[in-house]
Amino acid sequence: MRDKFEPLHDMIESSYKNGADYADIFIQSSESHSVHFEDGRADKISSSKTNGFGSRIIDGGKTFFAHANGTEIDMAAASFADCAASAGIDLGGARDKCDLQSELIEKTAPLSPPSVDFFKEMDERIRRESGYIRQSSYGYSLSRRRIAVVKPEGCVAYDDRFYTSFAAHVVVEKNGVLETGSERRCMAVGVNDFWNGTTPLDIAETALRRAILMTEAKPCPAGVMNVLMAGEAGGTIVHEACGHGLEADIVEKDYSVYRGRIGEKVADESVTMVDDATLGGLYGSYDCDDEGNAAERTVLIENGILKRYMTDVLSSMLYDMPLTGNGRRESYRCVPVPRMSNTFLLCGKDDFDTMLSRTGNGLYVKKMGGGEVDPTSGDFVFYVTEGYLIKNGKITVPVRGATLTGNGPAALAGISALGKNLVMDPGVCGKSGQSVPVTDGQPSMLIEGLTVGGSAL
């Protein structure tokens, strides 16, 4: 009895014989549910099921792509035939062997929507804790995605992924000052394992505390100063200011500041930066990437020396770089591109109190927000959502309106101390019009000479 994927392998082999440099077929079956709760009620509830194929041929450095709905072999064959036709590749009689309707991948078992019974009681509890709340909203989602990737040389790679997330957003008004606070939890696990060690109320209370604190904060002074970042500040600098600049397509096409610098010192010798998709349960984890390549732990920067870029199949072929298992896509409708997974700095050996004392006068960043970055130059502007002034080595008053302005490589070079407390911060990364789950992480770190923006006179 023939393997159910054999007709597709025959088509891929035929494409190779007729000029293709690479070919594969991505198969996806997924289901998701999400609930949005606001103003005392669940106002948005959505569910979806997605099944489809993405067929790809790489020829002469160009990518040809086609996609189709379904999980049956005849639809997969049709999408690959369309892809081959657009590439000008004749599959001969290989297409005729796929006139079947057998399922290629087991569809995801029905996924129960998340329970929303706790929302109303939680929201009422939060509102009883503070009379300053003007608005509160919560989002809860879960999904499961099965994938199979039909690869050259008769290989098929599989992965089965679960994702669960919960986020709280609170708006407060105190003494005429309006502020917001947010907190989230996101993991690559099913809902039964998601709440271990915490509760929805914990997340909502953190968002509330952060919002109220900022109403009491003073305007942040501006200037060049030492910045001590908590581990829980989030890996914004790691991800945005440095990580994207180490993705191979940006390195070559957009002339990243890291281009051509393998083997050179690009950071302080205390800095080792890693991308690791093998870490169980983290939001950016997977067993294989969306090209069917095994997940890896990739050391990008080691003791300040640039070692490697993150690659997918295309960038590995074009630029003669090692394949790192970072080919990711939002869905079967998208072409894979090099993307981060779980990207973080390894811990150092410094105690927090020692780092605080060494800061002298500066800014303590407890939580980072969004911002802007130019991956070509590494220049960035990031917002601080929870920060405090440091005077004489002691944390003092909270400040609002703070921004951090600088350059990614310069910030890495300016790190003078790293703590022992690695904290991982999940999120969703956008690139090339696609969004994928990721995790960024860092220990506490002291960066000398960052430009801090603020509104204090």
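These notebook entries record what I looked up in a predicted model.

**Basis.** I number residues from 1 along each chain as its sequence is written.

**Sheet.** I looked up the strand order of an open sheet of six strands and found β11-β10-β9-β14-β21-β20, with mixed pairing. The edge strands are β11 and β20, each of which pairs on one side only. I take helices (H or I, at least four residues) and strands (E, at least two) as DSSP runs numbered from the N terminus, and I call two strands paired if DSSP finds at least two bridges between them.

**β14, β20 and β21.** I noted three bridges between β14 and β21, which run parallel; here threonine 343 stands opposite aspartate 440 of β21. On β20, the pairing with β21 is antiparallel over nine bridges, and glycine 430 has serine 435 in β21 as its bridge partner. I also checked burial, where buried means under 20% relative accessible area, exposed over 50% and partly exposed in between (1.4 Å probe, protein chains only). In β21, eight of the nine residues are buried.

**Hairpin turn.** β20 and β21 form a hairpin with two residues between them. I found serine 432 in the loop between β20 (423–431) and β21 (434–442), with a positive phi near 55 degrees although serine 432 is not glycine. Serine 432 counts as exposed because its relative accessibility is 53%.

**β10 to β11.** I recorded two bridges joining these antiparallel strands, with glutamate 302 partnered by isoleucine 305 in β11. Asparagine 303 sits in the loop between β10 (297–302) and β11 (305–306) and has a positive phi near 50 degrees. At 47% relative accessibility, asparagine 303 is therefore partly exposed.

**Helix α6.** I saw that α6 (residues 236–243) lies across β9 (273–276), β14 (342–345), β20 and β21, at about 120 degrees to β21. Contact means heavy atoms within 4.5 Å; axes are lines fitted to C-alpha atoms, for helices over the stretch in contact, and angles run from 0 to 180 degrees between N-to-C directions.

**Helix α5.** I looked up the span of α5 (residues 200–215): its 16 residues reach 23 Å from first C-alpha to last, close to the 22 Å expected, which is 1.5 Å times one less than the number of residues. Twelve of the 16 residues are buried, so α5 is largely enclosed by the rest of the structure. Among them are Pro200, Leu208, Arg210 and Thr215.

Note on methods. This is a predicted model: local features need pLDDT of at least 70, side-chain atom pairs count only at pLDDT 80 or more; totals for chains, interfaces and linings use all residues. Side-chain values use heavy atoms; hydrogens and water are left out.
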